[in-house]
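Open the model in your viewer and keep the selection tool ready. We will go stop by stop.

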Amino acid sequence: ISKLQTYFLSHSLQAKMSKPVQARRLEGIDKNIWVEFVKLAATYSKVNLGQGFPDFPAPDFLTEALTRALGGGNHMLHQYTRAFGHPPLVKVLAQFFEKLLGRELDPMTNVMVTVGAYQALFCCFQALVDEGDEVIIIEPFFDCYESMVKMAGGTPVFVPLRPNPPKDGKLMSSADWQLDPAELASKFSERTKAIVLNSPNNPLGKVFSREELGLIAELCVKHDVLCISDEVYEWLVYDGKQHIRIASLQGMWDRTVVVGSAGKTFSATGWKVGWVVGPDRLLQHLRTVHQNSVYHCATIAQEAVAQGFQRELMLYGKPESYFIQLPKELQRKRDWLVQSLDDVGMKPIIPEGTYFLVADISQFKSDVPDVPNSDEPYDYRFTKWMVKNKGLAAIPLSAFYSEAHKNNYTNFIRFCFAKEEATLKAANDILQKWKQEKTSS
């Protein structure tokens, strides 16, 4: 090759390499707390109460259903099924949600199966949110809501649940974190396309009351706003509380997409089977996103989940139902962790639902000195210090807030109590030893 050819070749390659590679819609959302903290937990933790997954087995009836599906001789379960949901699964989901919502559902148009609730949410935002649309997000919120709204070209608008501590010295409950009705109403405008509701709420464990949901529903109807209702913890409600489905309230069915998760429902988060339930006028657009992204979910897993729901449909409301047994078991574990944290001086906020419990770390701040002018929120530094020095993994609460509001909530961390008793006991041992070290120093 001549020198002239070499010159032009090298310069043409440089010119091509100078073009931006990253799509603009990814700007500012490349960092993810789960990547960072899962790695920290894997490296340092003796006890992981961080990421939200059970370390106890999925129920026998579910794993047995999977084994039957794998070895039962129906070779078609190893092939594609219907793209929008395996027929046995969408049919039983429709039957189940007919009971819960009090209306007839068409399994082919009112239900769609997704790769976990995460992909269900992605479909919602991509299908329903346009450039310039505003989406109201209630804080604290599961972190992907903000990123997914931005990826769709929308603008997140945040409204916080504000803590109202009891004056009698009792421990705070997640019910003590409430919306200000006037503040919520002020966030609705002609640009508002949707509101994201997460009840029971991750990370607080708040179960929204009928009155609170009625306020949200009234504003949605008034302003013609859609509701993306993340209800993955719908069965995990404690102390006799009731999970109210906003889609069942007047005027809300036609404007609500309900998101659910077999991972949370059946304690099998790695299966990644989720679903959406809603009117065809909304779901038809979610199907378009689904068919042009993942297209299809694992047939075998859908078959096993379908059998799990068929069992639960027969046992609906009976004591033997897994949906009754699991929350009873988790409530005991919640109470155990509440007592353990309270005993050492980490003040827990008692959750009404979910896998999670938020605790106030104010009395432990002396162990991890503040760093003036630091860009990193205090709870991030605290949790990193705790996993590296004590072997106990948790998640900073400010990770569930927008950038503008993070610094208002840096004295709290989130623990997951959906764990084996041995795991919770090991966590208690770490906390007790830490308390003794504090006392003696």
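Where is the place of Ser189? Select Ser189: this residue sits in the loop between α7 (181–186) and β7 (192–198). Before moving on, note that this is a predicted model, where local features need pLDDT of at least 70, side-chain atom pairs count only at pLDDT 80 or more, and totals for chains, interfaces and linings use all residues. Residues are numbered from 1 along each chain as its sequence is written, and side-chain values use heavy atoms, with hydrogens and water left out. Helices (H or I, at least four residues) and strands (E, at least two) are DSSP runs, numbered from the N terminus.

The cut-offs are under 20% relative accessible area for buried, over 50% for exposed, and partly exposed in between (1.4 Å probe, protein chains only).

Next, select helix α4 (residues 87–101). α4 has 15 residues and spans 21 Å from first C-alpha to last, close to the expected 21 Å at 1.5 Å a residue. That expected span is 1.5 Å times one less than the number of residues. Colour the buried residues of α4, among them Leu89, Val92, Phe96 and Leu100. Their cover includes β2 (111–114), β10 (274–277), α11 and α12 (322–344). Gly102 follows α4 and has a positive phi, near 70°.

Now show α11 (residues 299–314) together with α3 (residues 60–71). The two axes come within 8 Å and cross at roughly 135°. Axes are lines fitted to C-alpha atoms, for helices over the stretch in contact, and angles run from 0 to 180 degrees between N-to-C directions. α3 and α11 are therefore oblique to each other. Oblique is what remains after under 35 degrees (roughly parallel), over 145 (roughly antiparallel) and 65 to 115 (roughly perpendicular). Pick out the contact (heavy atoms within 4.5 Å). Phe61 and Leu62 are among the α3 residues there, and Ile300 and Glu303 among those of α11.

Move to helix α6 (residues 144–151). Its buried residues are Cys144, Tyr145, Glu146, Met148 and Val149. They pack against α5, β3 (134–139), β4 (155–160), β7 and β8 (226–230). Just after α6, find Gly153, with a positive phi of about 95°.
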